[in-house]
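Colleague: Can you walk me through this one? I would like to start with the strands and then go on to the helices and the backbone.

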Amino acid sequence: MSLVIIRKSAPAEIWIQALAERAPELIVHVWPETGPVDEVEYVLSWAADPGVIAGFPNLKAIFSLGAGVDHVLSDATVPSDLPVIRMIDESLTRRMVQYVVHAVLSRHRRVEEMRANQAQGLWKRPAFPDLRVGIMGLGEIGRACAQQCLALGYQVSGWSRRGEPLAGVEVHGGEQGLPMFLSRSDVLVCLLPQTRETAGILSRDTLGQLPKGAYLVNAGRGEHLVDDDLLALIAEGHLSGAMLDAFRKEPLPSDNPFWTAPGVTVTPHIAGWTEPSTAARHVVEAIAALRAGQQPRGVVHRARGY
Ligand code: GLV
């Protein structure tokens, strides 16, 4: 039984060590090294080139190195019957929560405006009206963000496909719940998975339903956002700005208007990252569950796409 780590950046040594500590019997290779391909039962992958995963004939499961699995599901050569398992990692979740809380707080407490005032030596004390936070996507990370925003005293609503209840949060579900949800979101936080249904969901149509002066935080995927619609709504004064961590093209090209758009903060896809020392536990537990014929945590519903 072996596992191949496939990733394009950053060395894999920490992963090898973290896996060895928890599953010394697991033989780990780092792509393009594979050992005998027919012995490879698992891949732990981020953005493998199309066709690479399909090249292992005896795979039992595909692990994503991140929470998102769009990079696996977009590869049409990946066998449709193989379990695809998203990363569930307490460190990744915690970091995403930190990013979202920071975005909400800095918008609420008008940090950018304070900096601009400081640059002019201005002692100006603006009002800080209460903000309602709306979280799109109530998976592992969305729920954790909602709870933390609640703990900070924000009124929080959430939106998900099924609208399953979440304590303290006003949850809206499906297409019919979207208008009400949007109308109550002064800060809209997108944490949706990338699927056919969610592509382009942040458009003039939806963002235009946010209250005037609303702020967007996109820590989902660049494909969720119709870039020009956001820029136009900011220019028209309907939205006050955005904090964006994911883009249609990464790295963000130097001539992209987001770099200089007023009120827009660009971060280079750093909202969260997986920590091998904690994430290895999820991988090893999932392998044990699979070997015992049980359903591991994080298995993706292939038809839904998350
Ligand atoms: C990052 O984008 C992830 O999916 O974890």
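Modeller: What follows goes through the sheets, the helices packed on them, and some backbone details of a predicted model.

Colleague: Start with the five-stranded sheet. What is the strand order?

Modeller: The order is β2-β1-β3-β4-β5, in an open sheet with parallel pairing. At the edges are β2 (27-30) and β5 (84-85), each of which pairs on one side only.

Colleague: How many bridges join β1 to β2?

Modeller: Four, and the two strands run parallel. Within that pair, V4 stands opposite H29 in β2. The chain gets from β1 to β2 through α1, in a right-handed β-α-β crossover.

Colleague: And β3 with β4, how many bridges there?

Modeller: Four bridges, in the parallel sense, between β3 (residues 40-45) and β4 (residues 61-64). There Y42 is opposite A61 in β4.

Colleague: Which strands does helix α1 lie across?

Modeller: Helix α1 (residues 13-22) lies across β1 (2-6), β2 and β3, and runs at about 155° to β1. Helix α9 (residues 276-291) lies across β1, β3, β4 and β5, at about 150° to β3.

Colleague: Those two helices, then. At what angle do the axes of α1 and α9 cross?

Modeller: Roughly 50°, and the axes come within 9 Å. The two helices are therefore oblique to each other. The crossing of α1 past α9 is right-handed.

Colleague: Which residues in α1 meet α9?

Modeller: I14, W15, A18, L19 and R22 do. On the α9 side they meet P276, S277, A279, A280, R281, V283 and V284.

Colleague: Switching to the other sheet. What is the order of the seven strands?

Modeller: It is β8-β7-β6-β9-β10-β11-β12, again an open sheet with parallel pairing. β8 (170-173) and β12 (264-266) are at the edges with a single partner strand each, so one side of each has no neighbour in the sheet. From one strand to the next, the twist averages 15°.

Colleague: Is β7 largely enclosed or left open, and why?

Modeller: β7 is largely enclosed by the rest of the structure, because five of its six residues are buried. Five bridges join β6 to β7, and the two run parallel. The bridge partner of V133 in β7 is V156. The link from β6 to β7 goes through α5, as a right-handed β-α-β crossover.

Colleague: Where does α5 lie?

Modeller: Helix α5 (residues 140-151) lies across β6 and β7 (155-160), running at about 170° to β6.

Colleague: What about the neighbours of those two strands?

Modeller: β7 is joined to β8 by four bridges, also parallel, and S157 has E170 as its bridge partner in β8. β6 (residues 132-136) pairs with β9 (residues 187-190) in the parallel sense over four bridges. V133 turns up there too, standing opposite V187 in β9.

Colleague: Which residues of helix α8 are buried?

Modeller: In α8 (residues 227-235) they are D227, D229, L230, L231, L233 and I234. These buried residues pack against α7 (204-207), β10 (214-218), β11 (239-244) and β12. After the helix comes G237, with a positive phi near 85°.

Colleague: On to the loops. Is T195 buried or exposed?

Modeller: T195 counts as buried because its relative accessibility is 11%. T195 sits in the loop between β9 and α7. Apart from neighbours within four places in sequence, T195 is in contact with R304, G305 and Y306.

Colleague: Where are the cis peptide bonds?

Modeller: One joins W31 and P32, with omega about 15°; P32 is in the loop between β2 and β3. Another joins E250 and P251, with omega about -5°, and P251 is in the loop between β11 and β12.

Colleague: Then where does A47 lie?

Modeller: In the loop between β3 and β4. Phi of A47 is positive, near 55°. A47 has 27% relative accessibility, so it counts as partly exposed.

Technical notes
Residues are numbered from 1 along each chain as its sequence is written. This is a predicted model: local features need pLDDT of at least 70, side-chain atom pairs count only at pLDDT 80 or more; totals for chains, interfaces and linings use all residues. Side-chain values use heavy atoms; hydrogens and water are left out. Two strands pair if DSSP finds at least two bridges between them. Contact means heavy atoms within 4.5 Å. Axes are lines fitted to C-alpha atoms, for helices over the stretch in contact, and angles run from 0 to 180 degrees between N-to-C directions. A crossover is right-handed if, with the strands pointing away from the viewer, the path from the first strand over the helix to the second runs clockwise. Buried means under 20% relative accessible area, exposed over 50%, partly exposed in between (1.4 Å probe, protein chains only). Angles under 35 degrees count as roughly parallel, over 145 as roughly antiparallel, 65 to 115 as roughly perpendicular and the rest as oblique. A crossing is left-handed if the near helix is turned anticlockwise from the far one by less than a right angle, and right-handed if clockwise.
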